[in-house]
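Please consult the sequence and the structure shown here.

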Amino acid sequence: MTRRALLAGGLLLTLLATGCGVRPSEVIRGRQAVSGPSQGVGLYLLAQGELVLVLRPAQADASPVDALTLLAAGPQENEREQGLTSAVPAGFDPVTVTSGADRSAGLTVRTTIAARSLSSTAADQIICTVADAAAQVGLAEDAIPVTIVGSDGARPPRPCPLS
């Protein structure tokens, strides 16, 4: 090999070893992409403590109450095998969901358990699940604020943190 070829090869190897200059960043979170037409009930479960959207098969879009009933039942066996969990207490069911005077006014979830003692993760699961279900059936808009009211009072209204 010529001296030039060795020098060019060394320079190329040096450039490859130094990388492209892109620095690592935090994980960017968002909603899970849906491929193709989907029909089912969207529930927000936890994967390693982070909210993830799980689509359960259904014949038609579920009401927000139906979605919360499924959420309160916890992950199915196949979901648990995938490492999915839930922070929503089993006693969260039954609930009612009402909407404000107009579609952007917000939703109120009423339950018989204490709302203020819910962990922030459980509240996020409830808020995201009810907001998603309400948007699917045309009851509310996507980033609508949700208030959770329980036996101990109400949590402040807020939208799903993934919206």
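Tyr44 has Leu53 in strand 2 as its bridge partner. The model is predicted: local features need pLDDT of at least 70, side-chain atom pairs count only at pLDDT 80 or more, and totals for chains, interfaces and linings use all residues. Residues are numbered from 1 along each chain as its sequence is written, and side-chain values use heavy atoms, with hydrogens and water left out.

**Sheet**
- Strand 1 (residues 40–47) pairs with strand 2 in the antiparallel sense over 8 bridges; two strands pair if DSSP finds at least two bridges between them.
- The open sheet consists of 3 strands in the order 2-1-3, with antiparallel pairing.
- Strand 2 (50–57) and strand 3 (84–85) are the edge strands, each pairing on one side only.
- Strands (E, at least two residues) and helices (H or I, at least four) are DSSP runs, numbered from the N terminus.

**Helices on the sheet**
- Helix 2 lies across strand 1 and strand 2 and runs at about 35 degrees to strand 1.
- Helix 4 lies across strand 1, strand 2 and strand 3, at about 160 degrees to strand 1.
- Angles run from 0 to 180 degrees between N-to-C directions, and axes are lines fitted to C-alpha atoms, for helices over the stretch in contact.

**Helix 2 with helix 4**
- Helix 2 (residues 64–72) and helix 4 (residues 120–136) pack at about 145 degrees, with their axes 8 Å apart.
- In contact (heavy atoms within 4.5 Å), Pro64, Ala67, Leu68 and Leu71 of helix 2 meet residues of helix 4 including Ile126, Val130 and Ala133.
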